Amino acid sequence: MALVYIGHFAAAAAILVVAPEAPALPVAVAVAWPDLVWPALVFAGKERLKVDRDNPLQTGVEFTSYPYSHSLVLGGALSLLPALLAGLIYQSALVGVLFWIGVLSHWLLDAVVHLRDLPIRGWGRSDRRIGLGLWSRPRLAFVLEYAFFAATALLLAPPSMLVGLLGGGLLLHLFNINSFFGFTKSNPFGTPKRFALLALVGYAFAIAWFTMAWQ
Ligand SMILES: [Zn+2]
C-alpha cells in the first residue's frame, strides 16, 4: 500500500496481453482493488495503520492491521465477491476470472516491496506476515518500481500505447516521490486517514490513466 505503486499496472498489462479481448477498466480496477477497499476500511475503523510524523518515507507508515484488504487467504476469498460482480456487469466469466487474478497479483507484487506486514491467512494469532522489504531501500525501490513497470510495458504493450503508458506511469510514480527520497523532514500526510484518502485519490487517477492509455 503506497500512494501509488505503479508496478501493479504491469500486472494489468500482462493480463490484458494474455486476454486481449478483455476490457481494460475492470482489469485496472482489479490490480488496484486491495488499495481501493483499504481506505474505506481505514475510514470505517476496520483496518489500521500508524503514520510516523517524523519519517516521510514509506517505512514511516506501519500497517498494523489490514487482514480484509491485504491477506492472501481471507483477502483472496473476499475478492471473489467483486470478481463475481465484475463478471455480471460485463456479462463475461472471463472478466470475472481476470478480476480475481488481478487482485491476487496485487498481493504478490505488494509482497516484494512491503516490510513484513502482509498477512498470509488474515486471522488468528499464529498468522504469518511476509514482505521482502524493498521499501527499506527507498532509492533502489524508486528505480526498480518504475523499471519493472517500464520493462513490462516495453515488452508487452503495443507500440502505439507506449507514450501514454510510460509517460503517464512516470508522472504517477513521481507523485509518490517524497516517500522514496524524503524531501520533507516530516510526513506531509500526518494522519492515517489523510494517507488513506490520498492513496484512494492516487489510485483513482492511476486507473483512469491506465484505462485511457490501454486502447
Ligand atoms: Zn496494496
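**Entry 1: the zinc site**

How are the donor residues of the zinc ion spaced in sequence? I began with this point, working from a predicted model. The spacing reads D-x34-H-x35-H-x3-D.

I then listed the protein donors of the zinc ion: Asp 35 and Asp 110 through OD, and His 70 and His 106 through NE2. These atoms lie 2.1 to 2.3 Å from the metal.

Next I looked up the geometry. The angles among the four donor atoms run from 82 to 175°. Four donors count as tetrahedral if all angles lie between 85 and 135 degrees. I therefore recorded the site as irregular, given its range of 82 to 175°.

His 106 and Asp 110 both belong to helix H6, which covers residues 93–113. They are four residues apart, about one turn of the helix. Residues three or four places apart in an α-helix point the same way, because such a helix has 3.6 residues a turn. For burial, I noted a relative accessibility of 1% for His 106, which counts as buried. Asp 110 is likewise buried, with a relative accessible area of 0%.

**Entry 2: Ala 32**

I turned to Ala 32, which is placed in helix H2 (residues 24–43). With a relative accessible area of 0%, Ala 32 is buried. Setting aside residues up to four places away in sequence, I found that Ala 32 touches Phe 9, His 106, Tyr 203 and Ile 207. One of these, His 106, is also a donor of the zinc ion.

**Entry 3: Ser 71**

Which backbone atoms does the side chain of Ser 71 reach? I first located Ser 71 in the loop between helix H3 (67–70) and helix H4 (73–78). A polar atom of the Ser 71 side chain lies 2.6 Å from the backbone oxygen of Pro 67. The side chain also reaches the backbone nitrogen of Gly 75, at 2.9 Å.

Ser 71 counts as buried, at 3% relative accessibility. Not counting residues up to four places away in sequence, its contacts include Tyr 66, Trp 107, Pro 119 and Arg 121.

**Entry 4: aromatic pairs**

How many aromatic pairs does a search of the whole structure find? I recorded 15. I examined Phe 9 and Trp 209 in detail: their ring centres are 5.6 Å apart and their planes stand at 70°, so the pair is edge-to-face. This pair links distant parts of the chain, with Phe 9 in helix H1 (residues 8–18) and Trp 209 in helix H10 (residues 192–213), 200 residues apart. Both Phe 9 and Trp 209 are buried.

I then took up Trp 38 and Phe 63, whose ring centres are 5.8 Å apart with planes at 70°, so this pair too is edge-to-face. Trp 38 lies in helix H2 and Phe 63 in strand S2 (residues 61–65), so placed that the pair links distant parts of the chain, 25 residues apart. Trp 38 is buried at a relative accessible area of 0%, and Phe 63 is buried at 2%.

Finally I noted one aromatic cluster formed by Phe 9, Tyr 146, Phe 149, Trp 209, Phe 210 and Trp 214.

**Entry 5: helix H5**

Which residues of helix H5 (residues 80–89) are buried? I listed Pro 82, Ala 83, Ala 86 and Gly 87. They lie on the same side of H5, because they cover an arc of only 145° around the axis. On the other side of H5, I found Leu 81, Leu 84, Leu 85, Leu 88 and Ile 89 exposed. The buried residues of H5 pack against H2, H4 and H6. After H5 comes Gln 91, with a positive phi near 50°.

**Entry 6: Val 51**

At 14% relative accessibility, Val 51 counts as buried, since the cut-off is under 20%. Apart from neighbours within four places in sequence, Val 51 is in contact with Gly 60, Asn 187, Gly 190, Thr 191, Pro 192 and Phe 195. The C-alpha atoms of Val 51 and Phe 63 are separated by 8.8 Å, the residues being twelve apart along the chain.

Definitions and conventions: Residues numbered from 1 in each chain as written. Predicted model: local features only at pLDDT ≥ 70, side-chain atom pairs only at ≥ 80, totals over all residues. Heavy atoms only, no water. Donors = N, O, S within 2.8 Å, 3.2 Å for Na, K, Ca; no water. Tetrahedral: all angles 85-135°; square planar, octahedral: opposite > 155°, others 65-115°. Helix = DSSP H or I, 4+ residues; strand = E, 2+ residues; numbered from the N terminus. Buried < 20%, exposed > 50% of the residue type's maximum accessible area, 1.4 Å probe, protein only. Contact = heavy atoms within 4.5 Å. Polar contact = N/O pair within 3.5 Å; in protein donor to acceptor, adjacent residues only side chain to side chain. Phe/Tyr/Trp six-rings, centres within 6.5 Å; stacked < 30°, edge-to-face > 60°. Arc of directions from axis to C-beta.
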